[in-house]
Amino acid sequence: MENDFSATEHLVTDNWSNDLNQRQFYEYNLCESILRGYAALGGLDTGCDINLIFADIKNSKNLLEIGAGYGRVIRKLLDLEFMGEIHALEKSHTFYNNLQEKFASQVTTHHADILHFDTQLKFSTIISMWSGISDFTKVEQQLFFNKLASLLMEDGQIFMDTSLWNQKPLNATELANQSYIITAQDSILHGYIPTSQEIEEYAAKAGLKLIRHFTYETDAKRKRLMYVFSL
């Protein structure tokens, strides 16, 4: 795997993008095993985040997951016998192929970048779990919200999970001013954790209403934030 930074330059920086994260981390051939380890470390491997919101989403006609990865959320939804249509959006070529192999008969998988996802579909539920928004820069995060708003049905809801902005991710090697970096073997991942105020500003500019937000604990006793939006 080729990286755009050398191993001696693992510094928090603003000089990155979601595209760079894809090339440097999510296409890495050991990424699935790395992410499974991180999920267990943070207490998300059991799907506690989905348990928390399942009563709100179980009757959804259709659901779109942003950044389905190795299928952690999809597997949980199927285990809970979610009856609506499941759509999984995944930018990584590696993960997209894996999702197709695992869930082709149960899930509609879209190989696309959320910022450029071209579809006429609208969804009653959109979920972005495990700090998916943090894979985008602050500028890209507003575009992320704009896109989610455009994909939502009039009476639909968006559920978004984030880290606490003043809490260093367990797998991060550095954290500075809400920006962090994660290094694993030859892979590098940059991130930016938005504050609740920034989240509210993104939502307002995208034409979304913040219905509620709350702190919860994972199975590993790590605190996280869950936001719920509507049009």
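**Stop one: a spot on helix 3**

Start by selecting N51, which lies in helix 3 (helices here are DSSP runs of H or I with at least four residues, strands are runs of E with at least two, and both are numbered from the N terminus). Before you go further: this is a predicted model, where local features need pLDDT of at least 70, side-chain atom pairs count only at pLDDT 80 or more, and totals for chains, interfaces and linings use all residues. Residues are numbered from 1 along each chain as its sequence is written, and side-chain values use heavy atoms, with hydrogens and water left out.

Is N51 buried, partly exposed or exposed? It counts as partly exposed, because its relative accessibility is 42% (buried means under 20% relative accessible area, exposed over 50%, partly exposed in between, with a 1.4 Å probe and protein chains only). Now show what N51 touches: leaving out residues up to four places away in sequence, that's T46, K76 and L80 (contact means heavy atoms within 4.5 Å). The side chains of N51 and K76 are joined by a polar contact of 3.3 Å. That term means a pair of N or O atoms within 3.5 Å; within protein, one must be able to donate a hydrogen and the other to accept it, and residues adjacent in sequence count only if both atoms are side-chain atoms.

Next, colour the buried residues of helix 3 (residues 48-57): C48, D49, I50, I53, F54 and I57. Among the elements covering them are strand 1, helix 4 and strand 10.

**Stop two: the largest pocket**

Select R36, D45, Y70, R72 and R75, which lie nearest the centre of the largest pocket, out of 13 lining residues. Helix 2, helix 4 and helix 5 each give two or more residues to this lining, and helix 4 gives the most, with four. The space in the largest pocket is about 170 Å³.

How are pockets and cavities told apart? On a 1 Å grid over the protein atoms alone, a cavity is a set of points where a 1.4 Å probe fits but cannot get out, while a pocket is an open set with protein on both sides within 12 Å along at least five of seven lines; lining residues have an atom within 4 Å of a point. Points are joined across faces, edges and corners, and a volume is the space filled by probe spheres set on them.

**Stop three: the largest cavity**

Now pick Y26, W130, S131, G132 and D135, the ones nearest the centre of the largest cavity, which is lined by 45 residues. About 790 Å³ of space lies in there. Helix 1 (18-26) and strand 7 (179-184) are among the elements that each supply at least two lining residues.

**Stop four: around Y26**

S92 counts as buried, at 0% relative accessibility. A polar atom of its side chain lies 2.9 Å from the backbone oxygen of Y26.
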